[in-house]
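I opened this entry to record what I looked up in the model. I start with one residue and its contacts, then widen the view.

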Amino acid sequence: PEGFVREIRLPQIHDPRGDLTFVEGGNHIPFDIRRVYYLYNVPVDAERGGHAHKELEQVVFALSGSFRMKIDDGHTQSEYWLRDPRKGLYINRLVWREMDSFSQGAVCMVLASQPYDESDYYRSYDAFLAATRSNRA
Ligand code: T46
């Protein structure tokens, strides 16, 4: 299994004109990319996330600026500061995530394994916990 979260490192091509990083489906990302979305114009005091997914897998990048992701697998909490556009955070299904501390001008890009589907969300922490208990008992 992929684990709950892990770092995904992308190549960086550096030359005097600047840096270039690329993502290849079937190579860098452990699922077929079905959707890309991005968060921007996020107020520095905003909190996003606060949910888990039943099936969706995602890889989250800070393309610019930085933010914090708090991760909870139902047992253990951890936090990650995303600030390097070469390093994504892979987040498996059944992982509760909260995001905050966005820097001014931060851009968060997310690669997702499925199209948007509201019925794939646990927006209640208790429902999420119950699902992890029955899934991993
Ligand atoms: C996640 C974090 C990192 C859509 O219509 N299509 C989409 O692809 C997405 C992602 C959202 N929406 C709608 C659903 C809501 O009415 O946009 C509105 C805001 O979505 P939400 O409150 O879920 O946004 P975040 O930033 O709290 O969470 C999003 C993703 O939903 C989530 O999967 O992991 O970014």
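**Leu 111 and its surroundings**

I looked up Leu 111 first: apart from neighbours within four places in sequence, Leu 111 is in contact with Val 23, Ile 29, Ile 33, Val 36, Gln 58 and Val 59. Contact here is defined by C-beta atoms, placed from the backbone, that lie within 7 Å of each other. I noted that the model is predicted, that local features need pLDDT of at least 70, that side-chain atom pairs count only at pLDDT 80 or more, and that totals for chains, interfaces and linings use all residues. Residues are numbered from 1 along each chain as its sequence is written.

Leu 111 lies in strand β11. Strands (E, at least two residues) and helices (H or I, at least four residues) are DSSP runs, numbered from the N terminus. Is Leu 111 buried or exposed? Leu 111 counts as buried, because it has 22 C-beta neighbours inside 10 Å. The cut-offs are 20 or more other C-beta atoms within 10 Å for buried, 12 or fewer for exposed, and partly exposed in between, with C-beta atoms placed from the backbone. I also checked Tyr 90: Leu 111 and Tyr 90 are 21 residues apart in sequence, and their C-alpha atoms are 9.3 Å apart in space.

**Whole chain**

I counted one helix and 12 strands. From the N terminus, the order is β-β-β-β-β-β-β-β-β-β-β-β-α. The C-alpha atoms fill a box of roughly 55 × 35 × 25 Å along the principal axes. Buried residues make up 19% of the 137 residues. Of the contacts between residues at least 6 apart in sequence, 76% join residues at least 24 apart.

**Core and β6**

Next I looked at the largest nonpolar core, which has 22 residues. Val 59, Val 60, Ala 62, Phe 67, Leu 82 and Ala 106 touch the most other members. Two or more residues each come from β6, β7 (67-72), β9 (87-91), β10 (96-100) and β11 (107-112). β6 gives the most to this core, with four residues. A nonpolar core is a set of buried Ala, Val, Leu, Ile, Met, Phe, Trp, Tyr and Cys residues joined through C-beta atoms within 7 Å.

Why is β6 largely enclosed by the rest of the structure? Five of its seven residues are buried, so the rest of the structure largely encloses β6. I then listed its partners. β6 pairs with β9 in the antiparallel sense over three bridges, and Val 59 has Tyr 90 in β9 as its bridge partner. β6 also pairs with β11 in the antiparallel sense, over six bridges. There, Ala 62 stands opposite Cys 108. Pairing requires at least two DSSP bridges between two strands.

I checked Ala 106 as well. Leaving aside neighbours within four places in sequence, Ala 106 is in contact with Val 42, Ala 62, Ser 64, Gly 65, Ser 66 and Phe 67.

**Open sheet and Gln 77**

Five strands form an open sheet in the order β8-β7-β10-β5-β12, with antiparallel pairing. β8 and β12 (121-122) stand at the edges with a single partner strand each, so one side of each has no neighbour in the sheet.

β7 and β8 pair in the antiparallel sense over six bridges. Arg 68 stands opposite Trp 81, and Met 69 stands opposite Tyr 80.

Gln 77 is found in β8 (residues 77-82). Gln 77 counts as exposed, because it has 11 C-beta neighbours inside 10 Å. Beyond its neighbours within four places in sequence, Gln 77 is in contact with Lys 70, Ile 71 and Asp 72.

**Ligand shell**

Last, I listed the residues around the ligand: Arg 35, Tyr 37, Leu 39, Arg 48, Gly 49, Gln 58, Val 60, Arg 97, Val 110 and Tyr 116. β4 (35-39), β5 (48-53) and β6 (58-64) each supply at least two residues. β4 gives the most, with three.

Key:
Two residues are in contact if their C-beta atoms, placed from the backbone, lie within 7 Å. A residue is near a molecule or strand if its C-beta atom, placed from the backbone, lies within 6 Å of it.
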